Amino acid sequence: MNKRTTIREALPACIPLNAVEMIATWFDNHHVILRITRNRSTKLGDFRGGAHGSPSYISVNHNLNKYSFLITLLHEIAHAEVHLSYSRRMAPHGKAWKSAFQRVTIPFIDAEIFPEPLKQVFIQYLNNPKASSTTYLPLVSALRAFDNNSDEVTVSLLQPGDMFTLRDRRTFKVIEKLRKRYRCYCIENKKTYLFSPVAVIQPLSAQKTGTAD
């Protein structure tokens, strides 16, 4: 199956319909493959530059709502553009990436693809985009309104002192937010763990439990 057919057949299930042709055209014009992957708890998407003549690829988790998928895809397209434009290695989320992210996103803002109030929150985020959209809580909250599973909560929505459990029934308390992770204390084994902001959890009450230095 050729790339044109694959992209145009796959995208309508992943992003808003009025964004499909714009995204498909980008892939038509660049030697980059799109992979729609299983749910990954540590990341929403990524970009990998090709080596030894192999094509570069972008991957995005299949379970994202259409606006989360599109924003994640644009984030990774910006990485691809930086990779394809510079012969030297650039800071992953430095000035070149921020400029590319803003540039590739403006046509989608102008095309009125994002509904209000998501559009306004996304514009605010784009003023100084971060390495992960999950660290900008107003955008996280705005995107969650479009989730099929509105009961799903991620660590990024919690505050220090908040409690949560995992599927294996272990209980944790959020200690602090680090640069890219959340340091949390496990009540059962008294160990600390680092959690990705996008880790899905079951929140409990925010009461303190007197441990975890």
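At what angle do α3 and α4 pack, and how far apart are their axes? I began my notebook with this pair, and I noted first that the model is predicted, that local features need pLDDT of at least 70 and side-chain atom pairs pLDDT 80 or more, while totals for chains, interfaces and linings use all residues. Residues are numbered from 1 along each chain as its sequence is written, and side-chain values use heavy atoms, with hydrogens and water left out.

**Entry 1: α3 and α4**

I found that α3 and α4 pack at an angle of about 130°, with their axes 8 Å apart. That makes α3 oblique to α4 (angles under 35 degrees count as roughly parallel, over 145 as roughly antiparallel, 65 to 115 as roughly perpendicular and the rest as oblique). The axes are lines fitted to C-alpha atoms over the stretch in contact, and the angles run from 0 to 180 degrees between N-to-C directions. The helices are DSSP runs of H or I with at least four residues, and strands are runs of E with at least two, numbered from the N terminus.

**Entry 2: α2 and α3**

I then looked up helix α2 (residues 17-28), which packs with α3 at an angle of about 20°, with the axes 12 Å apart. That makes α2 roughly parallel to α3, and the crossing of α2 and α3 is left-handed. On the α2 side I listed Ala19, Ile23, Trp26 and Phe27, which meet Leu70, Leu73, Leu74, Ile77, Ala80 and Glu81 in α3. The residues of this contact divide into 9 nonpolar, no polar and 1 charged.

**Entry 3: α5 and α6**

For α5 and helix α6 (residues 137-144) I wrote down an angle of about 155° and axes 9 Å apart, and α5 and α6 are therefore roughly antiparallel to each other. Their crossing is left-handed. Leu118, Val121, Phe122 and Tyr125 of α5 make the contact with Pro138, Leu139, Ala142 and Leu143 of α6, and by class I found 8 nonpolar, no polar and no charged residues there.

**Entry 4: the largest pocket**

How many residues line the largest pocket? I found 38, of which His75, His79, Pro92, His93 and Ala131 lie nearest the centre of the pocket. A pocket is an open set of points on a 1 Å grid over the protein atoms alone, where a 1.4 Å probe fits, with protein on both sides within 12 Å along at least five of seven lines; lining residues have an atom within 4 Å of a point. The elements that give two or more residues to this lining are β2 (45-48), α3 (66-85) and α4 (95-110), and α3 gives the largest share, 7 residues. The lining has 14 nonpolar, 13 polar and 11 charged residues.

**Entry 5: backbone**

I noted that most residues other than glycine have a negative phi, and that most peptide bonds are trans. Glutamate 112 has a positive phi of about 55° although it is not a glycine, and a cis peptide bond, with omega about 0°, joins glutamate 116 and proline 117. I found glutamate 112 in the loop between α4 and α5, and proline 117 is placed in the loop between α4 and α5 (118-126).

Definitions and conventions:
Nonpolar A, V, L, I, M, F, W, Y, C, P; charged D, E, K, R; others polar. Left-handed = near helix turned anticlockwise from the far one by under 90°. Contact = heavy atoms within 4.5 Å.
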